[in-house]
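Please look over the model shown below.

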Amino acid sequence: MESTARGLPKLTDSPCRGTSCNRCAEICPTNAINVFGSGDTTKVALDLGSCIGCSLCIDNCPTETIRENRSTELAVRRREHLLLINDHAVEKEFSKEEESPKTNPFGMSLSARVVSTGCSACDLEIGAAGNPIFDMERFGVRVVASPRHADALLVTGPVGKGMQMPLKRCYEAMTEPKSVVAVGTCAISGGVHKGSYTEANGVDSVLPVDVYIPGCPPHPWSIIDGVLKAMGKKR
């Protein structure tokens with residue numbers, strides 16, 4: 001990641017002051033952070049699927065329990081793997097479950113149809129992933145204009161209720177086998193739009209999701225990392 005870019009937050013082993021501080025939870029604009037317990041049993045829970053990467057929690061954590069994560073390899077196959085807690089036992093259990101499918105028909109190449117359901121920031125980053133700098137096509141990934149030509153559906157935006165039916169129709173127009181990738185915080189949880197009466201609060205309330213790519217918007221390397229996971233090229 002470039003030195004000028006900021007990464008998503010991560011949790012460290014540094015002890016938290018607990019609810020006596022609670023700054024991170026209070027200033028988080030999407031309620032992605034929860035602090036509970038007290039003393040030695042204090043835990044910090046962070047939902048990367050709701051995080052918009054504003055960095056307010058990082059800048060306001062006096063104990064450095066929350067730090068910046070410079071990695072762009074953040075995509076996961078299960079929504080609950082984006083729910084972090086500063087407890088090593090939980091993280092180890094998750095890493096065991098993060099396994100690639102034994103067989104994947106998209107191992108050599110993948111054609112992707114992009115559907116934007118609202119915000120355009122993630123669409124711009126998908127476009128950047130295909131430019132000569134990141135060059136997603138060298139991994140066998142290309143963006144196609146029709147769902148009938150697509151192996152994977154890349155969904156961006158908060159999935160407003162008005163977009164649910166068009167999204168389902170696009171998915172049904174694809175032939176088997178097919179996969180769905182939720183690109184960005186809005187597509188994963190609704191992001192800042194979560195809870196609105198117009199929102200579905202994430203793609204997985206409408207379609208089965210195979211890979212989740214956190215970020216608002218995700219870095220082009222993160223998008224490529226997620227697509228490679230959908231192809232079974234990465235764990």
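**Salt bridges, helices and cavities**

Q: Which residue forms a salt bridge with Arg79?
A: A salt bridge here is a side-chain nitrogen of Lys or Arg within 4 Å of a carboxyl oxygen of Asp or Glu. The closest N and O atoms of this pair are 2.9 Å apart, and the partner of Arg79 is Asp47.

This is a predicted model, in which local features need pLDDT of at least 70 and side-chain atom pairs count only at pLDDT 80 or more, while totals for chains, interfaces and linings use all residues. Residues are numbered from 1 along each chain as its sequence is written, and side-chain values use heavy atoms, with hydrogens and water left out.

Q: How many residues apart in sequence are the parts that Arg79 and Asp47 tie together?
A: Helices (H or I, at least four residues) and strands (E, at least two) are DSSP runs, numbered from the N terminus. Arg79 lies in the loop between strand S4 (66-69) and strand S5 (83-85), whereas Asp47 belongs to strand S3 (residues 43-47), so the parts tied together by the pair are apart in sequence by 32 residues.

Q: Are Arg79 and Asp47 buried or exposed?
A: With a 1.4 Å probe and protein chains only, buried means under 20% relative accessible area, exposed means over 50%, and partly exposed lies in between. By this division, Arg79 and Asp47 are both buried.

Q: How far apart are the closest N and O atoms in the salt bridge of Arg78 with Glu80?
A: Arg78 counts as partly exposed because its relative accessible area is 35%, and Glu80 is partly exposed at 29% relative accessibility. In the salt bridge between Arg78 and Glu80, the closest N and O atoms are apart by 2.5 Å.

Q: Within what arc do the buried residues of H5 fall?
A: The buried residues of helix H5 (residues 161-173) are Leu167, Cys170, Tyr171 and Ala173. Seen down the axis of H5, these residues line one face of the helix, because they fall within an arc (taken from the directions from the helix axis to the C-beta atoms) of 155°.

Q: Which exposed residues does the face of H5 turned away from its buried side carry?
A: The buried residues of H5 pack, by contacts between heavy atoms within 4.5 Å, against strand S6 (110-116), strand S8 (152-156) and strand S9 (179-183). The face turned away from the buried side of H5 carries the exposed residues Arg169 and Glu172.

Q: Against which elements do the buried residues of H7 pack?
A: Helix H7 (residues 220-230) is mostly covered, with ten of its eleven residues buried. Among these buried residues are Ile223, Ile224, Val227 and Leu228, together with Asp225 and Lys229. The buried residues of H7 pack against S6, helix H4 (121-129), strand S7 (141-143), S8, S9 and strand S10 (211-213).

Q: Which residue follows H7 with a positive phi?
A: The phi of this residue is near 80°. The residue that follows H7 is Gly232.

Q: What is the volume of the largest cavity?
A: On a 1 Å grid over the protein atoms alone, a cavity is a set of points where a 1.4 Å probe fits but cannot get out, and lining residues have an atom within 4 Å of a point. Grid points are joined across faces, edges and corners, and a volume is the space filled by probe spheres set on the points. The structure holds two cavities of 30 Å³ or more, and the space in the largest cavity is about 90 Å³.

Q: How many nonpolar residues are in the lining of the largest cavity?
A: The lining has 16 residues, of which Cys28, Ile33, Cys51, Cys54 and Cys57 lie nearest the centre of the cavity, and helix H1 (23-27) and helix H2 (56-59) each supply at least two of the lining residues. Ala, Val, Leu, Ile, Met, Phe, Trp, Tyr, Cys and Pro count as nonpolar, Asp, Glu, Lys and Arg as charged, and the others, Gly among them, as polar. The lining of the largest cavity has three polar residues and no charged ones, and its nonpolar residues number 13.

Terms used:
On a 1 Å grid over the protein atoms alone, a cavity is a set of points where a 1.4 Å probe fits but cannot get out, and a pocket is an open set with protein on both sides within 12 Å along at least five of seven lines; lining residues have an atom within 4 Å of a point.
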